[in-house]
Amino acid sequence: MKSTDANPVVVMETSEGTIKIELWADQAPITVENFLAYVDEGFYDGTIFHRVISEFMIQGGGLTPDMKEKAAKPPIQNEARPELQNKRGSIAMARTQMVHSATCQFFINTVDNDFLNHKNTTPMGFGYAVFGEVIEGMDVVDKIRKVATTTVGYHQDVPATPVVINSVKRLA
């Protein structure tokens with residue numbers, strides 16, 4: 001995707017370092033507006049990357065370090081489109097098997113995950129909505145993807161030592 005000056009940028013301070021992400025408001029306006037609503041109210045501050053699979057993605061934004069799920073806003077429309085690709089470094093919304101179920105959780109692709117791209121409008125083919133990309137800090141994403149993981153309750157691939165999202169703020 002091509003960057004535009006109009007697109008907002010957020011700075012994610014984690015326990016492993018800083019990640020700067022450009023949000024594609026011009027490509028996924030509903031998703032970006034939703035994400036920024038969580039950012040502006042400080043929702044992500046103190047959450048964790050609770051699912052880390054090295055050759056897949058790092059997922060966070062909805063659980064506290066003690067693995068308690070935070071109350072989210074209602075789900076949003078899935079804006080997945082063929083041109084918004086789940087490539088290494090892109091950020092996308094996590095969701096359940098239901099197409100339009102994304103709320104607050106997101107993931108950063110650590111590799112190209114073409115199988116997550118929009119193929120058609122069936123539940124299996126709809127894909128996951130990409131809404132931006134890491135523009136600085138892929139070294140931090142790569143550091144996170146390599147942490148040791150364990151199982152906590154019914155959650156698998158949980159970092160053995162919590163990877164905390166200290167804050168997410170809009171870049172002025």
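Two notes before the details. Residues are numbered from 1 along each chain as its sequence is written, and side-chain values use heavy atoms, with hydrogens and water left out. Because the model is predicted, local features need pLDDT of at least 70 and side-chain atom pairs count only at pLDDT 80 or more, while totals for chains, interfaces and linings use all residues.

I start with the strands. Strands here are DSSP runs of E with at least two residues, helices are runs of H or I with at least four, and both are numbered from the N terminus. Two strands pair if DSSP finds at least two bridges between them. Strand β2, residues 17-23, pairs with strand β7, residues 130-136, in the antiparallel sense over four bridges. Within that pairing, Ile21 stands opposite Val134. Strand β7 also runs antiparallel to β5, with three bridges joining them. There, Ile91 has Gly132 as its bridge partner.

Next come β8, residues 149-152, and β9, which pair antiparallel over three bridges. Thr150 is bridged to Val158 in β9. The two strands form a hairpin with two residues between them, and Gly153 in the turn has a positive phi of about 60°.

Most residues other than glycine have a negative phi. Asp157 counts as partly exposed at 27% relative accessibility; buried means under 20% relative accessible area, exposed over 50%, and partly exposed in between, with a 1.4 Å probe and protein chains only. Met67, in the loop between β4 and β5, also has a positive phi, near 65°. Met67 is buried, at 15%.

Val52, in strand β3, is buried too, with a relative accessible area of 3%. Val52 and Thr150 are 98 residues apart in sequence, yet their C-alpha atoms are 9.8 Å apart in space.

Now the helix. Helix α2 covers residues 138-145, and six of its eight residues are buried, so the helix is largely enclosed by the rest of the structure. Met138, Asp142 and Arg145 are among the buried ones.

On to the rings. Ring centres of Phe, Tyr and Trp (its six-membered ring) must lie within 6.5 Å to pair; planes under 30 degrees apart count as stacked, over 60 as edge-to-face, and the rest as tilted. The structure holds ten such pairs. One aromatic cluster is formed by Phe35, Tyr38, Phe43, Tyr44, Phe49, Phe106 and Phe131. A charge sits over a ring if NZ of Lys or CZ of Arg is within 6 Å of the ring centre and within 35 degrees of the ring normal. Lys73 does this over Tyr38, at 5.1 Å from the ring centre. Arg95 has its charged end over the ring of Tyr128, 4.2 Å from the centre.

Last, the lining of the largest pocket. Strands β3, β4 and β9 each supply at least two lining residues, and the largest share, three residues, comes from β9.
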